[in-house]
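The briefing is meant to be read beside the sequence and the model.

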Amino acid sequence: MLQASQSISAWFSHLSVDSTELTAVRNLPVSISSSESSLIAATLDGNDHAFRILVERFMDEVSRTVTGMLGPVPEVDDVVQEVFIKLHGSIYSFRGDASLKTFVVRMAINKSLDALRKRKRTMWLKPWTDFPESDPISSDRTDFGITSGERRTQLRRAVNKLPDNQRAVIVLRLIEDISTEETARILDVPYGTVLSRLKRGLDRLRIDLGDSTVLSEN
Amino acid sequence: MRTQKQKESDNKYLSSLSDAFVHELRHLVETERNETMMSMPAERVMRALRRPQSWNTEEVWLAELFSWFRPVFVAGLFVVIALAFYNIQLLSNENEFEQSAAEMVFGLPPVTLASAYDIHLDDHP
C-alpha cells in the first residue's frame with residue numbers, strides 16, 4: 001500500500017499536480033467516463049476496476065494494431081494480453097508528455113515486433129510441411145468483383161511481405177489513422193523516416209496489388 | 001518543426017491512395033481481428049493479472065520438477081511412515097533394551113559408544 005502511494009506521488013510529480021489534487025483524484029469513484037489521469041491514479045492505488053476500464057478503452061486499438069502486424073494467427077490473443085500485462089506493470093513510468101494511447105500503441109508495436117522476430121527464429125525449426133498452403137479465409141462474393149476470400153488473401157500476403165518497419169508505419173498510418181507526427185513518436189524515429197517508410201511500403205503494395213487497386217483515380 | 005516539404009510529401013503519399021483501398025485494409029484487419037480474438041478479452045487480461053507475475057525460467061523449471069516428483073515424494077513419505085511404524089512395533093515388542101523413541105523410529109541398534117568398546121570375553125572362548 002505504501003509502495004503504491006509512493007508510486008502515485010512519483011507519477012503525479014511528473015505531471016506537476018499538487019497533493020490536494022492527488023487526494024481529490026484518489027477519492028473519486030472511477031467509471032467508464034473517468035479521465036485517463038484518474039484511472040491511472042486509481043490503478044496505481046491498486047484499483048483493478050480502474051485498470052479494467054483502461055483495458056476496455058484501448059482494447060480496440062491494441063487488438064487492431066497487433067492483428068495488423070501479425071495477421072490472423074492464434075498468437076494475437078497472447079500478444080494483446082502481454083501488452084496489457086506490461087502496461088499494468090509499467091504504468092507508473094507513464095509521464096504524461098504523450099497521450100496514454102501513444103504509450104499503449106507503442107507497447108503493442110514493440111510486442112508485435114518481438115513476436116515477429118520470434119516467429120522468424122522458430123520458422124527455421126519447423127519442417128516445411130507445417131506451412132499452410134492457403135490462408136483459412138472464407139470466400140463470399142463482394143462488390144470488388146473477385147471473391148472476398150481471394151482479395152483478403154491477396155491483401156494479407158502483400159502486407160506480410162512488407163519489412164517489419166514499413167508494416168508498422170502502414171498499420172499505424174493507414175489502419176489506425178494516426179498522424180505522421182504521432183507515428184514518429186510511437187516508433188521513436190524521425191518524421192522523415194516515417195515518410196520514407198510510408199513511401200517505400202506503399203510502393204511495394206502497389207507492385208504486389210497493382211496500381212489500379214491502390215491508387216486513387218484523381 | 002516540420003518543413004513545408006515534409007508536410008507536402010505526407011499529403012502527396014496519402015492523397016495518392018484510393019479511399020477504397022484504405023477502407024479495404026481497415027476492413028481486412030477488423031475482420032481478421034474479429035475472427036482471431038477470443039471472447040471477453042478484457043476479462044481474460046484481468047484474470048491473467050491476478051495470476052502471479054514473477055515467473056522466470058528457473059521458477060517454471062522448479063514448478064515442473066515439483067509436479068513430476070510429487071507422486072514420488074508422496075510414495076516415499078508412505079514408505080518412511082511405514083518403516084517408522086514397523087520399527088516402533090518391532091522394537092517395543094522384542095527389544096529388552098531401553099531405547100529412546102527416536103532410536104526406535106529410526107530402527108537404530110541398541111549400541112552405545114561405551115557398549116561398543118565393552119569387551120565380553122565370555123562370548124569369544
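Predicted model: local features only at pLDDT ≥ 70, side-chain atom pairs only at ≥ 80, totals over all residues.

Residues are numbered from 1 along each chain as its sequence is written, chains are lettered from A and ligands numbered from 1 in the order in which they are written, and side-chain values use heavy atoms, with hydrogens and water left out. Over all chains, a search of the whole structure finds 20 salt bridges, a salt bridge being a side-chain nitrogen of Lys or Arg within 4 Å of a carboxyl oxygen of Asp or Glu.

**Within chain A**

- Arg64(A) and Glu176(A) form a salt bridge through their side chains, with an N to O distance of 2.7 Å.
- This pair links distant parts of the chain, 112 residues apart, with Arg64(A) in helix 4 (residues 48-70) and Glu176(A) in the loop between helix 8 (164-175) and helix 9 (180-187) of chain A; helices here are DSSP runs of H or I with at least four residues, numbered from the N terminus.
- Arg64(A) is buried at a relative accessible area of 15%, and Glu176(A) is buried at 7%, where buried means under 20% relative accessible area, exposed over 50% and partly exposed in between, with a 1.4 Å probe and protein chains only.

- Arg151(A) is salt-bridged to Glu24(B), with the closest N and O atoms 2.4 Å apart.
- Because Arg151(A) lies in helix 7 (residues 148-161) of chain A and Glu24(B) in helix 2 (residues 19-36) of chain B, this pair joins two chains.
- Arg151(A) is buried, with a relative accessible area of 6%, and Glu24(B) is buried as well, at 7%.
- Arg26(B) forms a salt bridge with Asp177(A), the closest N and O atoms being 3.7 Å apart.
- Arg26(B) is partly exposed at 31% relative accessibility, whereas Asp177(A) is exposed at 51%.

**A network of salt bridges**

- Salt bridges link Asp60(A), Arg64(A), Glu176(A), Glu30(B) and Arg33(B) in a network.

- Leaving aside residues up to four places away in sequence, Glu61(A) touches Lys101(A), Val105(A) and Glu176(A), a contact being heavy atoms within 4.5 Å.
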